[in-house]
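Subject: Structure for you to look at

Hi,

Here is the structure I promised to pass on, with my notes below it. Have a look at it first, then read on when you have a moment.

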Amino acid sequence: MKSWFVLLSAGCASFLVFLLAGIVLKLGWDAREAISTYGWGFIFHSQWNSVKGVFGILPRLYGTIVTSGLALVIALPIGLGTALWLAETNPDSVIRLVVGGAIELLAGIPSVIYGLWGIFVLIPWLTPGFNWLHRHWGALPVFSTPFPGRSLLVAALILSIMILPTIVALTRDLLVGVPLELRLAALSLGATPWETIVNVVLPYTRSGIISTVLLALGRALGETMAVTMVIGNANVLSLSWLAPADTIASLLANNFAEARDREISALMYGALVLLAISLGVNLTAELVLLKPEPPPGVEGKSRQSKVQEKD
């Protein structure tokens, strides 16, 4: 029975590997014309003109990286702080249960709902503040343009909300999994609860938190509908976060339905680039998880398992 289970598990894992390989090969085959025609210049060229047959994704690549990076910068401190609060407070606290449930519900909201919320609620609410930033801090390149309503920064804010459940849920699981013996040892040596968190809990979970951050980044890189609805879809390369921008995913969503011939190949090339970036981020996350085993004597039961045994 055990051998059948092992074979079945190995078969499922192999199927996923072959599925990924098939996706890469399909994209590469459909993009072969654009790859042979434009080569690496496709990544560094800014123009996208289906009439002239000239295609480049530099502004879209820039928009993809900047929106995802800004979203991560915004979501990381909020997500880490929330995860610490959820992990370190009383497990039976009603407020903790409500907050934890609400954050998990954010992950189940369709992306198109986030986009509509951004258009009708977030943008009107942010407009006065963004206009103030342009008037008073317009000398800075990131605030150098007037706010037109849909912009790169709005897309980054939407993305930060969308990746927040991933950061909170995974980080919380890492924190509650820290062995209770490590916490008690630090407290017995005179450390305060905050010093225990900073000097023991966070270093113990460092690689897992870094991997979680990278997984959230991969989630942000591939988001399509919500970003397409609020980013402005402008093929311009601007340093201003208040200006409209575009991403590779939005390019695919907006252009694929009407694309013909070589443009389809160029879009497939863009999809291949986006897939390579996402795979690179996720592979980095997996490599970070390959950390050494904890030293002898700290493989004790986590605080969560102690609570469960007590119950």
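Let me begin with V24: setting aside the neighbours within four places in sequence, V24 is in contact with L272, L275 and L279. Please keep in mind throughout that this is a predicted model. V24 itself is found in helix α1, and with a relative accessible area of 30% it is partly exposed.

A156 is another residue I looked at. A156 has its place in helix α7, which covers residues 152-176, and its relative accessible area of 0% makes it buried. Once the neighbours within four places in sequence are left aside, the contacts of A156 are T67, L70 and A71. The C-alpha atoms of A156 and V273 are 21 Å apart, and these two residues are separated by 117 residues along the chain.

Aromatic rings

Searching the whole structure turns up seven aromatic pairs. One of them joins Y38 and F42: the ring centres are 6.4 Å apart and the planes meet at 35°, so this pair is tilted. Y38 also pairs with F55, with the ring centres 6.1 Å apart and the planes at 85°, so here the arrangement is edge-to-face. Y38 belongs to helix α2 (residues 32-38) and F55 to strand β2 (residues 54-55), so this pair ties together parts that are 17 residues apart in sequence.

F42 is buried at 0%, and F55 is buried at 2%. If you follow the ring pairs onward, they link Y38, F42, W48, F55 and Y269 into a cluster.

There is also a charge over a ring to point out: R32 lies over the face of W29, at 4.0 Å from the ring centre.

Salt bridges

Side chains of opposite charge can pair when their charged atoms come close. In this model the count comes to five salt bridges, and I will go through some of them.

The pair K26 and D30 has its closest N and O atoms 3.3 Å apart. Both residues lie in helix α1 (residues 2-30), and the four residues that separate them make about one turn of the helix. K26 is partly exposed at 49% relative accessibility, and D30 is partly exposed as well, at 21%.

Which parts of the chain does the salt bridge between E88 and R183 link? The closest N and O atoms of E88 and R183 are 3.1 Å apart, and the pair links distant parts of the chain, with E88 in helix α4 (residues 58-88) and R183 in helix α8 (residues 180-188), 95 residues apart. E88 is partly exposed, with a relative accessible area of 27%, whereas R183 counts as buried at 7%.

E223 and R219 form a salt bridge too, with 2.9 Å between the closest N and O atoms. E223 is buried, at a relative accessible area of 7%, while R219 is partly exposed at 34%.

The nonpolar patch

Which element gives the most to the nonpolar patch? Helix α6 (residues 111-137) does, with six residues. I109 is found in the loop between α5 (94-106) and α6. With a relative accessible area of 31%, I109 is partly exposed; residues in a patch need over 30%.

If you want to follow these notes in the viewer, you could start with V24 and its contacts L272, L275 and L279, then turn to the aromatic cluster of Y38, F42, W48, F55 and Y269.

Do write back with any questions.

Best wishes

Note on methods
Residues are numbered from 1 along each chain as its sequence is written. This is a predicted model: local features need pLDDT of at least 70, side-chain atom pairs count only at pLDDT 80 or more; totals for chains, interfaces and linings use all residues. Side-chain values use heavy atoms; hydrogens and water are left out. Rings of Phe, Tyr and Trp (its six-membered ring) pair if their centres lie within 6.5 Å; planes under 30 degrees apart count as stacked, over 60 as edge-to-face and the rest as tilted. Buried means under 20% relative accessible area, exposed over 50%, partly exposed in between (1.4 Å probe, protein chains only). Helices (H or I, at least four residues) and strands (E, at least two) are DSSP runs, numbered from the N terminus. A charge sits over a ring if NZ of Lys or CZ of Arg is within 6 Å of the ring centre and within 35 degrees of the ring normal. Contact means heavy atoms within 4.5 Å. A salt bridge is a side-chain nitrogen of Lys or Arg within 4 Å of a carboxyl oxygen of Asp or Glu.
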